[in-house]
Amino acid sequence: MKVHIPTPLLSYTGKSEVEATGATLADLLVDLDRQFPGLRFRVIDEQDQMRKHMRFFVNGEQVLSTLQPLAATDTVHLVQALSGG
Amino acid sequence: MAARKKKPAARSKAPTKKQRAQPSRTLRAPRAPRAQKLAVLVATRKGAWLYHTDSARKSFRVDGPHFLGQIVNHLMLDPRDGRTLLAATSTGHLGPTLHRSPDLGRTWHEAKQPPAFAKAPEGQKGRSVNHTFWLTPCNADEPNAWYAGTSPQGVFRSDDGGDSWNGVAGVNDNPELRKLLGGEQDGTPDGPKLHSLIVDPRDSAHLYFGMSSGGVHESHDRGASWSTLIDGLEVVGGFDASNPSFHDPHCVRMCPGNPDRLYQQNHCGIYRIDRPEKRWTRIGKNMPKAVGDVGFPMVVHPRDPDTAWVFPMDGATVWPRTSPGGKPAAYVTRNAGTTWQRLDAGFPASQGWWTVKRQAMAADSQDQVGLYLGTTSGELWMSRNEGQRWSCIARNLPEIYAVETALVS
């Protein structure tokens, strides 16, 4: 599925749209980390919680759990929150 | 300070009044190595800068910004090779990480496994590293080893030059220590910190560390176990000084010229301890009453254990944390805290409302010691004569978090 990458993470991916797979958002982030080592820890902490200022959208809807199921046709956006102006 | 590790010098005799009025030429223990190249490492809220100079320290070549826009809490050069830099980095949105440069900042590589607490058992609340706050290289007998202190309070160790980090379980997973930390509101406004990680140059297993809040602690087994070292330290009035969670050490430094002596700038004063004593002595009582002995940085002389510098702050009312009266000044003691002298030549004489954070003041190791400090308003100042006169190296930087000096190979 397509995953849109915010600018602070372009140093990992080199491009703003990448392909990744996963049955859940958690799985997707594992696949992203496999392809782009280090990316996952920047958005998910060691307690498997979403970072305070990161947001995750699936098909335009914000999701609040990494257990969110995903389909191969979904589009995922990783977004930095509008925190701080 | 990232000065070269040196053989401890014998403790000097008490200086005369005439000696106290002068820089420490007459007190010097072994002569400082003649450095060819030095660097001042500046970590800020929005990136890092290196200022290259030589022993004369009359001109500085700026190299930066590195990590523009990223929060750099600490930037350290490895004194074991004079080339490797470690930077504790994060951003406002992303999780914390570390970067390593093997070539003085020409190239940077992100750590494969940054500091992270252990995953909590199911149903329990675990801790997450917000940022790495403090970096300390180990001794030469432990090549590639580093310690990191984090916010919230944790100790991590790397044995591969900073590429991967593991928690020191004796600290991070110790329920007794966790009790000392208080709640989230007991930390500093920027989050609770573990800082002042000190490795005894004579014994790599012997560590000290400070926690804001949580007190000062000592370990003889690389952190596997530890004991608390707070006797003699005062706390805010009305609270129990025997409870470490009420203690807020701001900065602890060990004297390279006598590793048995430590100085401390605390929330409640300036202290000295001479091990194996276990009780701190409040030497800040000898500061001028109008200035007081509140502050954040503590700087020790690279050779003379009787000499140390502080940069007092206004700790009255709501804790402005600015220079008392708007008149910036460092203070030096040349007799281990018996007396203090004001050092403000070159600083603004008025309307200088500076804040200097605990990591933002450092000394170099030259014959006549150079001092450096960075303000939260983005000014970098230095003195090439032990604080007798100050000059501004750089203005218009972001908020300065840390200043270190290093000998460059």
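Strand 21 of chain B, residues 308–312, has five of its five residues buried, so the strand is largely enclosed by the rest of the structure. Here a strand is a DSSP run of E with at least two residues, a helix is a run of H or I with at least four, and both are numbered from the N terminus. A residue counts as buried if 20 or more other C-beta atoms, placed from the backbone, lie within 10 Å of its own, as exposed if 12 or fewer do, and as partly exposed in between. The model is a predicted one, in which local features need pLDDT of at least 70 and side-chain atom pairs count only at pLDDT 80 or more, while totals for chains, interfaces and linings use all residues. Residues are numbered from 1 along each chain as its sequence is written, and chains are lettered from A and ligands numbered from 1 in the order in which they are written.

In a regular strand the side chains alternate between the two faces of the sheet. In strand 21 of chain B, Ala308(B), Val310(B) and Pro312(B) point one way, whereas Trp309(B) and Phe311(B) point the other way.

A nonpolar core is a set of buried Ala, Val, Leu, Ile, Met, Phe, Trp, Tyr and Cys residues joined through C-beta atoms within 7 Å. The largest such core has 105 residues, and those with the most contacts inside it are Leu41(B), Val42(B) and Val403(B). Apart from it lies another core of 19 residues, among them Val43(A), Phe56(A), Val76(A) and Leu94(B).

Two residues are in contact if their C-beta atoms, placed from the backbone, lie within 7 Å. Between the chains, 15 residues of chain B are in contact with 16 residues of chain A.

Chain A itself has three helices and five strands, which follow the order β-α-β-α-α-β-β-β from the N terminus on. Of its 85 residues, 25% count as buried. The C-alpha atoms of chain A fill a box of roughly 35 × 25 × 25 Å along the principal axes.
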